[in-house]
Amino acid sequence: MMRYQDPALPVAERVDDLLARMSLDEKIGQMTQAERLESDEADVTAYRLGSVLSGGGSVPEPNAPKTWADMYDGLQRAALRTPLGIPILYGVDAVHGHGNVVGATVFPHNIGLGATRDPGLVREIGAAVAREVTGTGITWNFAPCLGVVRNPRWGRTYESFGELSELPVVMTSYIAGLQGPRVGPPPSVMATAKHYIGDGGTDDGDDQGDTRLSEAELRVLHLPPFLAALRLGVGSIMISLSAWNGVKVHGHRYLITDVLKNELGFTGIVVSDWNGLDEIFGRDEFTGEEVRAAINAGIDMVMVPERWRQFIDVLREEVKAGRVPMSRIDDANRRILTKKFEQGLFEHPLTDRSYLELIGSDEHRALARRAVAASQVVLKNEAGLLPLAPGARRIFVAGRAADDIGMQCGGWTISWQGSPGAITDGTTILEGVRAAAGPDATVVHDAGGAGIDSSFDVAIAVVGEEPYAEDEGDLPGDMGLEACDLETIARLREAGVPVVVVLVSGRPLDIAAELPGWDAFVAAWLPGTEGDGVADVLFGAVPASGRLPVTWMRSTDQLPINDGDGQVPLFPYGYGLSLDSGES
Ligand code: BGC
Ligand code: BGC
């Protein structure tokens, strides 16, 4: 047995021993992360790849937990076939549950978790997500997003816990849930604090845009969540695709090496984001200049989904020419290998299949349902319409999002962008309403509202945003409801029945003009697969307790609008009615 293979030795000694045995090609391989669709088992062996990822929607067929575990084990065995047998780190975006996997529990997106104001609950969710990810062998999660959203035009608003750093700071409990007390063997899954730094603060909420702030402002607003993550021993930090005052963070040596590594003492892995090297100097694809800038800035693991072969060649040239120092390559390798040893990957490289049955388990779904209920924010409740009483009443349910798992889940679910439809297992909001209303109630459903008449006691319109992810969700213009949603609500109102509007969305929308016509209004965010949690609040099984994690604008003219900026919003940060008293 070689010394690095001896689990009895301290990790640092094992790393030193292994590093001393590695060639330059092996070291460069460790720093390379390829997409699973662009690489296969033979590549993992031949190129000594250090990591493979599934991008959003990059799934094995058939998309089922066991297939994932088989895929993982196949790639891991390929890594073990290399001369030094260094296991890979497999990375995935389990950003609201193991969302790529059909049948996994999908929890509310972060904005909803921010509304719960409950870091303990979020820690439990992190631990449940870790167990589900562990069931597929995977040991690295690109979550949580700790971006502080300052403008709801941003297409990733729902990935943020809130607009003031205090919310992402407390919700770093997610990291404690995922990793446990430290990065360790399964079911500890290594967390990624992302996207360092300023992703939520770009001008106009432009995804991957420019965050124009002084250094003092950047530190006050966007750094605290990362400080909290460091205190919890977060294993990796992902660099933001955005720029700070015109300079792409991916090439920012001051922010990555001087601040994060030297000043703050981060010893984990700095990972680049998807093709993040490409645009450092505004070109379409990376050249030697970008690779040099990124590695010398302090990036350790490079997410080069497609052009990973080219990256390996270019980095080798840069090192041979002396433009990237060997000390930097060794530092990156130390960080990567340390996490692999800490995870016990050398001792237990393959999937522990005893966790497979936890994927989508009843316990996890019950936890998700609790989180959904806790995330509901009641914003209007005229004449005490809510909570609705179960029993012999006539309830009409309408709206595109009423009976649609895909709409409830939003982006990063089964596919990168997500999509409407029955894309995975779960309970729709309509199904939740039917169950909560009880056997004596009559629940009639039509998405467009056809069939509503004055015989109904109440109508519930579940409307909102179709799924999106990243820049595809940016809203530079109008932020109102879609015409079809407005028509549905109008049809319900014409029947003269009290109307409850439940908004399924990743952010506040421009609804001030319509609000006077709604009797009750609930922000449900993107609840995930357990729609019964929404019904729990509508019918009072769980008291409403959610509070706004973001300021709700009166009109888009106010954007950006944030707590403390002196503007008068429609609903302030922290607002939310408690149904018992009807007061915030
Ligand atoms: C996103 C990251 C994500 C990565 C891998 C990028 O486009 O910005 O948040 O982790 O893709 O899917
Ligand atoms: C991938 C995502 C990634 C995105 C970036 C998609 O094809 O599935 O994971 O974040 O590309 O552009």
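Buried here means under 20% relative accessible area, exposed means over 50%, and partly exposed lies in between (1.4 Å probe, protein chains only). This is a predicted model, in which local features need pLDDT of at least 70 and side-chain atom pairs count only at pLDDT 80 or more, while totals for chains, interfaces and linings use all residues. Residues are numbered from 1 along each chain as its sequence is written, and side-chain values use heavy atoms, with hydrogens and water left out.

**Asp 300**

Asp 300 has a relative accessible area of 0%, so Asp 300 is buried. Asp 300 sits in the loop between helix H12 (288-297) and strand S11 (302-303). Helices (H or I, at least four residues) and strands (E, at least two) are DSSP runs, numbered from the N terminus.

Beyond its neighbours within four places in sequence, Asp 300 is in contact with residues including Met 31, Lys 261, Val 270, Arg 328 and Arg 335. Contact means heavy atoms within 4.5 Å. The Asp 300 side chain makes polar contacts with the side chains of Lys 261, at 2.9 Å, and Arg 328, at 2.5 Å. A polar contact is a pair of N or O atoms within 3.5 Å; within protein, one must be able to donate a hydrogen and the other to accept it, and residues adjacent in sequence count only if both atoms are side-chain atoms.

**Ligand 1**

Ligand 1 is surrounded by 13 residues; the closest are Asp 93, Arg 156, Lys 194, His 195 and Asp 273. A residue counts as near if one of its heavy atoms lies within 4 Å.

| Residue | Distance to ligand 1 oxygen |
|---|---|
| Asp 93 | 2.5 Å |
| Arg 156 | 2.7 Å |
| Lys 194 | 2.9 Å |

On its own, ligand 1 has 310 Å² of accessible area, and the protein covers 96% of that.

**Aromatic rings**

Rings of Phe, Tyr and Trp (its six-membered ring) pair if their centres lie within 6.5 Å; planes under 30 degrees apart count as stacked, over 60 as edge-to-face and the rest as tilted. The count comes to 15 aromatic pairs. Trp 140 and Phe 142 are edge-to-face, at 5.3 Å centre to centre and 65 degrees between the planes. Both Trp 140 and Phe 142 are buried. Phe 521 and Trp 552 have ring centres 5.6 Å apart and planes at 85 degrees, so this pair is edge-to-face. Phe 521 lies in strand S17 (residues 520-523) and Trp 552 in the segment after helix H19 (532-538), so the pair ties together parts 31 residues apart in sequence.

Notes
Chains lettered and ligands numbered in written order. Areas by Shrake-Rupley, 256 points an atom, 1.4 Å probe, with all protein chains shown as cover.
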